[in-house]
Amino acid sequence: MRAALYARVSTEDQANDGFSLVAQMRKMEAYCLAENYEVAGRYIDDGYSGRKTNRPEYQRMMSEIDNWDVIVVLKMDRIHRNSVNFTLMMDQLRKRNKDFASVYDNLDTVNAMGRFVMDIMQRIAQLESEQIGERVKLAMTYKAQNGKGNLGSGHPYGYEYKNGELVVVEDEAHIVRAIFNMYSDGKSLQDICNFLNDAGIESKKGVGWSRQTVSNILHNPIYVGDRVWDGIKLETKTERIVSIEKYKAVNPEYTTS
């Protein structure tokens with residue numbers, strides 16, 4: 001078995017010798033010697049949090065997945081402190097027939113017991129993730145029904161947030177009106193995409209226009225001042241960019257509140 005040894009310390013861990021990078025590597029190397037694993041690579045992230053995956057050595061290790069058969073860590077929290085990210089990593093390893101071993105946790109998916117324990121842990125992590133999602137959905141629904149303001153959505157094309165309120169961006173508002181006009185004149189979604197891309201007009205994310213992006217604009221009631229979350233109309237009103245008549249020409253099922 002070819003082993004990828006992964007070690008990490010955050011800035012908070014630096015003073016703790018038990019988590020030092022040298023100590024982690026020595027103990028993992030001893031583990032590999034005992035298990036007859038060949039060390040195929042060493043990956044060390046110095047000063048990075050375990051709650052995110054955008055760590056350079058972690059990313060390099062995963063990009064070199066063909067070079068090893070098992071990831072070895074000193075403790076599970078060295079590789080992830082986020083249960084969702086850990087579950088996603090394990091799914092990726094399973095699809096590529098790779099294994100995972102944690103020295104201190106006495107866990108190695110090479111054996112049947114280790115795979116069983118890992119499966120239970122992943123199911124618990126999935127349950128935790130779903131419960132968090134349900135709580136967030138309930139809180140957002142309550143806020144939509146009783147509150148005002150931003151519900152965490154991004155900046156819609158044609159608007160930007162200022163002091164918690166959506167205000168019109170005139171340069172983008174002209175493009176929104178042009179999209180509605182072109183569609184009302186019989187242009188297809190692809191025709192509109194081609195026009196915008198050929199004109200060098202960037203979307204909100206600074207990339208090319210797609211039919212889905214154009215469709216989202218055409219069917220978003222925010223452009224007539226209605227803000228909707230999960231089918232719930234918010235009390236907060238927003239300045240219109242297109243007229244109700246123009247919007248209803250594209251969305252005949254739309255009704256004003």
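Reader: Which classes make up the lining of the largest pocket?
Author: The model is predicted. The largest pocket has a volume of about 320 Å³. Of its 14 lining residues, the closest to the centre include Tyr 157 and Lys 204. By class, the lining has two charged, six polar and six nonpolar residues.

Reader: Which residues are closest to the centre of the largest pocket?
Author: The pocket is lined by 14 residues. Five of them are named as closest to its centre: Tyr 157, Lys 204, Thr 213, Asn 216 and Ile 217.

Reader: What is the hand of the crossing where H6 passes H7?
Author: The crossing is right-handed.

Reader: Which class do the residues in the contact of H6 with H7 belong to?
Author: H6 brings Ile 175, Ile 179, Met 182 and Tyr 183. H7 brings Leu 189, Ile 192, Phe 195 and Leu 196. No polar and no charged residues take part; the eight are nonpolar.

Reader: Are H6 and H8 oblique or roughly perpendicular to each other?
Author: H8 covers residues 211-218. The axes of H6 and H8 come within 10 Å and cross at roughly 95°. Angles of 65 to 115 degrees count as roughly perpendicular. The two helices are therefore roughly perpendicular.

Reader: Which residues of H8 meet H6?
Author: From H6, the contact uses Val 176, Ile 179, Phe 180 and Tyr 183. By class, the contact has seven nonpolar residues, with no polar and no charged ones. The H8 partners are Val 214, Ile 217 and Leu 218.

Reader: What is the angle at which H7 and H8 pack?
Author: The axes of H7 and H8 lie 9 Å apart. H7 is roughly perpendicular to H8. The angle is about 105°.

Reader: How many charged residues are in the contact of H7 with H8?
Author: H7 supplies Leu 189, Gln 190, Ile 192, Cys 193 and Leu 196. H8 supplies Arg 211, Val 214, Ser 215 and Leu 218. Six of these residues are nonpolar and two are polar. The number of charged residues is one.

Key:
Residues are numbered from 1 along each chain as its sequence is written. This is a predicted model: local features need pLDDT of at least 70, side-chain atom pairs count only at pLDDT 80 or more; totals for chains, interfaces and linings use all residues. Side-chain values use heavy atoms; hydrogens and water are left out. On a 1 Å grid over the protein atoms alone, a cavity is a set of points where a 1.4 Å probe fits but cannot get out, and a pocket is an open set with protein on both sides within 12 Å along at least five of seven lines; lining residues have an atom within 4 Å of a point. Grid points are joined across faces, edges and corners, and a volume is the space filled by probe spheres set on the points. Ala, Val, Leu, Ile, Met, Phe, Trp, Tyr, Cys and Pro count as nonpolar, Asp, Glu, Lys and Arg as charged, and the others, Gly among them, as polar. A crossing is left-handed if the near helix is turned anticlockwise from the far one by less than a right angle, and right-handed if clockwise. Helices (H or I, at least four residues) and strands (E, at least two) are DSSP runs, numbered from the N terminus. Contact means heavy atoms within 4.5 Å. Axes are lines fitted to C-alpha atoms, for helices over the stretch in contact, and angles run from 0 to 180 degrees between N-to-C directions. Angles under 35 degrees count as roughly parallel, over 145 as roughly antiparallel, 65 to 115 as roughly perpendicular and the rest as oblique.
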